[in-house]
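Visitor: Can you walk me through this one? I'd like to start with confidence.

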Amino acid sequence: MTGVWVAVAGVGVATIALKGAGPLVFARRPLPRAPAAVMPLLAPCLLAALVVGQTVADGRALVVDARLAGVAAAALALLLRAPLLVVLATAAGVAAGMRALGAA
Amino acid sequence: MEAGSIITDAGVVRQAGSGIGAGARAVAPIGVAVLAFGASFGILARDAGMGVAAPIVMSFTTFAGSAQFAVASVLGSGGAVAAGVAAAVMLNLRYLAVGVSVAPALRGSTVRRLAEAQLAVDESWAIAQEDGRVDRDLLVGAGIVLALCWCAGTVAGVLGGSALGDPADYGLDAMFPALFLALLAGQLGARRTRAAALAGGAIALALTPLAPPGIPIVAAAAGALIALRVRP
């Protein structure tokens, strides 16, 4: 649990600083160009990595299991422009269903 | 708080008028979605082993969905604390840009501006746009309502989640990647962001068998640098 609190404290302090740096430090000055160009790319990059990691990774192994079915179903729901909660429920439902059927 | 998908679902329309009340009213329609989103964080964070208090404190202090879910997912899959923190911080680096954009609207003491800056998340920032500038009252009104919904949702999630039993039976572990996918879907409007996503996903896939849990996610950030070489 210590690790959990270290993580919460670390991310908390960093986020408070990041949100406050603009008004307190940079005020009316624009951000330097190179960091400014990379910043909008970090979120899509890391989100994609998280999708991969949370779908097919099990420790150091790559596995195909009920999660992949759930994420595939979620992708379909997203293409069909379903609301966020429906997308999440779909993922959970399909994964749970596959497990219940003993398929994954 | 994020989730561009939340704001497009609700089709936020701001009523005429300024002031903190107007900001609060404008964001109210998506308050329920934010509550549910916060509850899902509470449930998943608790299932990931973060306990009851830590997720609640995190929602109060970090108030950023992607980063919070990233920490929970890295810790839950056995990743190192440092990896979770690094991933969360990188996801939140864009708040530097949000803060710069909000800076001219904030007044008062250092403490007050620091506190009000915490309320600038995607949805409150969007609602606060007025004639190409950020309106401080709209920002604060929307931000406070969103923060309350997010934190209340988290509390409900951590407390109510235990009633569920084994989350895997409900496929809850599939909700993490589905959520990240939903957040990602709202960010794929440009060539460069699509390239960044492709690069990040590929790096994570390639490194999973080679590195301890959590590290592939952090290393995937290099994909953002790779994507810089793509035309915008």
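Visitor: Where in chain A is confidence lowest, and where is it highest?
Guide: Helix α2 (residues 33-56) of chain A is lowest, at a mean pLDDT of 87. Helix α3 (residues 66-79) of chain A is highest, at 96. pLDDT is the predictor's confidence in each residue, from 0 to 100. Helices (H or I, at least four residues) and strands (E, at least two) are DSSP runs, numbered from the N terminus.

Visitor: What is the average for chain A?
Guide: Chain A averages a pLDDT of 90, and 98% of the residues score at least 70. This is a predicted model: local features need pLDDT of at least 70, side-chain atom pairs count only at pLDDT 80 or more, and totals for chains, interfaces and linings use all residues. Residues are numbered from 1 along each chain as its sequence is written, while chains are lettered from A and ligands numbered from 1 in the order in which they are written.

Visitor: On to the interface. How many residues does each chain put in?
Guide: Chain B puts in 91 residues and chain A 69 residues. A contact here is two residues whose C-beta atoms, placed from the backbone, lie within 7 Å.

Visitor: Which element of chain B gives the most?
Guide: Helix α10 (residues 175-185) of chain B, with 11 residues on the side that touches chain A. By class, that side of chain B has 64 nonpolar, 21 polar and six charged residues. Ala, Val, Leu, Ile, Met, Phe, Trp, Tyr, Cys and Pro count as nonpolar, Asp, Glu, Lys and Arg as charged, and the others, Gly among them, as polar.

Visitor: How do α1(A) and α4(B) pack?
Guide: Helix α1 (residues 2-26) of chain A and helix α4 (residues 65-76) of chain B pack at about 155°, with their axes 11 Å apart. So α1(A) is roughly antiparallel to α4(B). Angles over 145 degrees count as roughly antiparallel, under 35 as roughly parallel, 65 to 115 as roughly perpendicular and the rest as oblique. Axes are lines fitted to C-alpha atoms, for helices over the stretch in contact, and angles run from 0 to 180 degrees between N-to-C directions.

Visitor: Which residues meet there?
Guide: Val4(A), Ala7(A), Val11(A) and Thr15(A) meet Ala67(B), Val71(B) and Leu75(B). By class, this contact of α1(A) with α4(B) has six nonpolar, one polar and no charged residues.

Visitor: And how do α1(A) and α6(B) cross?
Guide: The axes of α1(A) and helix α6 (residues 95-102) of chain B come within 7 Å and cross at roughly 35°. By class, their contact has nine nonpolar, four polar and one charged residues.

Visitor: New topic. What does Ala96(A) touch?
Guide: Asp169(B), Tyr170(B) and Gly171(B), not counting residues up to four places away in sequence. Ala96(A) sits in helix α4 (residues 84-100) of chain A.

Visitor: Is Ala96(A) buried or exposed?
Guide: Ala96(A) counts as buried, because it has 20 C-beta neighbours inside 10 Å. Buried is 20 or more other C-beta atoms within 10 Å of a residue's own, exposed 12 or fewer, partly exposed in between, with C-beta atoms placed from the backbone.

Visitor: Which loop holds Arg81(A)?
Guide: The loop between α3 and α4 of chain A. Phi of Arg81(A) is near 60°, a positive value in a residue other than glycine. Arg81(A) is exposed, with 12 other C-beta atoms within 10 Å.

Visitor: What is the phi of Phe63(B)?
Guide: Phe63(B) has a positive phi of about 50°, although it is not a glycine. Phe63(B) lies in the loop between α3 (53-61) and α4 of chain B. Phe63(B) is buried, with 24 other C-beta atoms within 10 Å.
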